[in-house]
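Subject: Structure for you to look at

Hello,

Here is the structure I said I would pass on. My notes follow below it.

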Amino acid sequence: MKRKLLSSILALCLTLSLLAGAVSFAAAETATEPLTLKMLGVDSKAEVDGVPNYLSYWIEEDNPMWHKFYNDLLERGLKIEPDLIMGDQYQTTIAAQIAAGLSTDYLKISPLDTVTRLSMGLAGDFLAINDILEYSDGTAKEWFENGIGKICIQRQSLEDGKLYWINSHSSSVYQGQPASTGLGTLIRYDWLEKLGLPIPTTLDEFVETLRAFQEQDVNGDGLNDEAYRIDTNFIGIPQWFGIGTDMYYIDPITKTVMTPWKHEQIQPYIQFIKSLYDEGLGYLNLESTSTGTMMADNKLAGYPSWMGDFWSKWSFVVPEGEPAADTVGFMIQAVDGVEPLLAGDGQVKLAVSDAFAFTKQCDPKAAAIFLDYICTPEYSLFSLQGIEGVTFVYEEDGSLTRIREGHPLFNDMAKTMAGATLWNTDLVPLLRPDDDQENSAVRAYKGLASDKQIEVMASFYFYPYIINNAPDGDFAIATQAETDRLEELSTDLKTYTSELMTDLILGNRSFDKWDSYIADMERLGLNDMLEIYQARYERTLR
Amino acid sequence: MNNKIREGSRIADIIMYAALVVICFIVIYPLWYVLILSLSDPAKAMTMKVYTVPYKFNIQSYASLVKNNDMWHAYAVTIFYAVTTTLLMLVTSSLTAYPLTNRNLVGRRYVTTFLLIPMFISGGMIPSYLLIHRLGLYDSPLALIIPACYSTGNIILVKAYFSTIPETLRESAYIDGANSFQILARIYLPMAVPILAVVAVYTIVGVWNSWFSALLYLPHKEWQPLQLYLRRVIVADSRPINTLPPEVAAELAKQRISAAQMQYAMIIFCAAPMLLIYPFFQKFFIRGVMLGSLKG
């Protein structure tokens with residue numbers, strides 16, 4: 001009996017030890033290594049106190065921003081292995097690597113043209129985002145199916161209905177309302193103040209103001225050389241006449257695809273620009289005198305740019321003792337009955353040029369973990385503002401303040417806050433839902449831009465007639481056939497219209513032959529181009 | 001009929017000297033222009049309106065450059081490439097040219113033709129890239145050294161010079177018991193110093209100025225040469241600012257201002273070594289150009 005009992009106990013111990021071994025073996029299997037994501041991107045550069053600072057330096061030094069990004073992903077079970085290429089070399093490098101066979105899991109495909117992206121997507125060289133989302137924990141799935149990411153699926157899905165890359169996309173709000181950042185015409189506010197002139201509100205006032213700058217030699221160099229920079233790329237003054245920003249655009253009032261060249265105000269616009277040029281009040285951006293030189297010589301009276309452009313004033317060299325250059329945006333209704341437009345990036349923006357893809361050798365689970373992380377509000381705040389207590393703080397009223405020089409918490413890390421842009425758009429798409437312009441611009445620009453400039457910039461946030469300054473983002477992606485046709489005709493059309501604009505302004509061609517110019521454009525394929533974009537627009541609306 | 005243009009004619013001398021002065025000005029002035037811009041006030045340098053002497057002498061950009069570790073690193077890498085490639089070029093040129101000077105070499109004509117064909121016909125950039133990649137040389141400094149250390153043109157130059165050395169010297173040496181390597185090392189190479197100097201100088205200048213191979217084969221800056229670094233500084237991001245998001249535009253505007261004068265200083269820094277050594281090696285350049293054009 002005793003022997004039987006001992007045998008039973010021994011057998012039980014053996015069985016239990018076998019079971020324990022099996023469990024621990026299973027546990028060892030499930031306690032897996034993190035998944036790996038090899039990333040190919042640009043070693044982007046920012047300047048801090050005039051010293052170049054690269055993203056690769058951050059990685060080498062285990063900078064707190066990089067450390068958080070890396071460890072957040074590691075905690076989620078993903079180990080990233082970045083391979084950073086210098087910006088000027090990136091296009092050559094990925095073209096060469098595509099030729100030799102890609103060895104990375106994820107890369108920035110912005111330098112690839114649409115034809116190449118389409119063919120690589122349809123050939124299966126990229127993983128479909130739709131397939132990756134099947135492995136999502138729900139965050140990225142919600143973002144792309146019901147959230148702001150829906151814009152990518154609507155506008156960038158290929159003919160097979162799948163999305164093969166992610167574009168940078170964002171939406172803006174201000175004071176709780178959808179907002180759009182405006183891009184228009186700026187004028188020298190310091191010169192207006194010096195001469196006691198108001199901001200122009202009509203075309204005549206604008207011309208008189210430019211004349212006054214010259215006649216009163218506001219820059220004090222003894223020459224009548226103060227002039228406005230004329231942009232022949234349809235940014236700034238064309239919008240006063242209700243004209244859009246590129247060869248094609250969606251008119252915000254009629255909601256149809258238009259071309260500036262068939263707009264009823266195109267001739268009055270060009271004639272107005274020509275009059276500025278003939279009188280010496282404007283200079284062409286194609287001439288040998290570059291904008292940078294005009295700024296350095298303190299001759300530039302105005303130019304088209306973002307309404308909140310405070311950074312360009314660093315390029316102006318003013319005489320000693322004079323106040324620093326300052327600019328302010330303004331808008332004019334050039335024609336009665338024609339609503340002026342405002343170029344901008346729209347409330348919801350899709351940057352067609354910024355695209356990132358997962359390659360066919362990427363583990364879709366790894367891709368899903370990455371997407372689930374970058375689609376979180378926490379990541380969005382981190383990528384935009386940095387780390388709380390290090391690069392920004394919350395005030396008592398809940399508003400956000402960036403830690404700049406002079407702030408009690410200012411430190412070296414805060415100095416490199418520009419680093420938030422170090423990887424946005426160069427290694428990771430810029431994803432910003434409900435980017436509050438109160439924090440991103442109005443408060444962030446304080447101390448950098450003048451109060452007047454900030455006030456004017458904010459006043460345009462809710463302008464109703466926004467025209468996209470990069471209109472390609474408004475359209476669904478072109479099909480292969482459409483892409484081929486656009487490739488055939490766009491170069492000739494752009495060359496012809498660019499030369500025509502310059503010749504009309506310089507007086508080398510006459511407005512009397514306008515019909516022949518339009519006929520030439522139609523012969524080069526203008527109507528085909530408009531039809532293609534109309535078809536793309538209709539697909540966007542579906 | 002009297003020929004007024006004859007040797008010793010004063011008018012001809014005046015015309016020739018005047019033409020040479022103009023040519024010298026055309027060649028030298030651009031370098032002088034870059035030099036004075038690099039030494040001028042940064043704001044004035046940005047306007048590019050400094051034509052004769054530096055405006056408000058300023059060496060700020062040079063001071064910044066001296067502290068630029070990336071530039072010194074690129075300098076050291078380029079010197080490394082120049083030295084190794086030149087030594088290997090001398091070795092390969094000598095070792096290939098020497099057997100071809102032996103009239104008794106079996107198939108000498110075919111070997112020479114085999115060497116000449118790739119001199120005129122090249123596979124092009126993509127095949128070259130694929131070859132480098134498949135050899136495992138991508139992202140390796142050897143991608144710049146190995147393809148550059150062998151040149152059919154230099155082999156022909158050295159062979160032509162070796163051919164001027166009397167055959168009897170080789171025969172005498174054989175009789176005395178020397179083998180081929182001893183004859184090459186103790187007779188031919190010491191006599192071929194002038195042509196080896198020509199090959200060395202050509203190689204050094206070529207390697208110093210090269211950047212395209214690095215652009216293709218070296219995606220990371222660790223082994224990138226000086227000219228690629230210079231290109232990076234000169235070809236600054238030229239995207240129109242008004243098409244970029246505001247925060248990117250702000251960053252780009254800051255970078256353009258600080259890069260304006262730095263570019264000129266960098267050009268001088270990168271060209272200085274070649275400018276300094278060129279006068280000492282000028283006679284070798286002239287000799288190299290003349291070699292092969294005169295026989296006997």
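**Surface and overall build**

Chain A exposes about 23,100 Å², and carbon and sulfur atoms supply 52% of that area. Please keep in mind that this is a predicted model.

Chain A has 542 residues, of which 54% count as buried. The C-alpha trace of chain A spans about 120 × 60 × 40 Å along its principal axes. In secondary structure, chain A has 22 helices and 20 strands.

Contacts in chain A were also sorted by distance along the sequence. Taking those between residues at least 6 apart, 75% join residues at least 24 apart.

**Cysteines**

How many disulfides are there over all chains? The count comes to zero, with a pair of sulfur atoms required to lie within 2.5 Å. For Cys362(A), the nearest cysteine sulfur is that of Cys375(A), 15 Å away. That distance is not within 2.5 Å, so Cys362(A) is in no disulfide.

Cys24(B) has a relative accessible area of 42%. That value falls between 20% and 50%, so Cys24(B) is partly exposed.

Regards

Terms used: Residues are numbered from 1 along each chain as its sequence is written. Chains are lettered from A and ligands numbered from 1 in the order in which they are written. This is a predicted model: local features need pLDDT of at least 70, side-chain atom pairs count only at pLDDT 80 or more; totals for chains, interfaces and linings use all residues. Side-chain values use heavy atoms; hydrogens and water are left out. Buried means under 20% relative accessible area, exposed over 50%, partly exposed in between (1.4 Å probe, protein chains only). Helices (H or I, at least four residues) and strands (E, at least two) are DSSP runs, numbered from the N terminus. Contact means heavy atoms within 4.5 Å. Accessible areas come from the Shrake-Rupley method with a 1.4 Å probe; for residues, only the protein chains shown count as cover.
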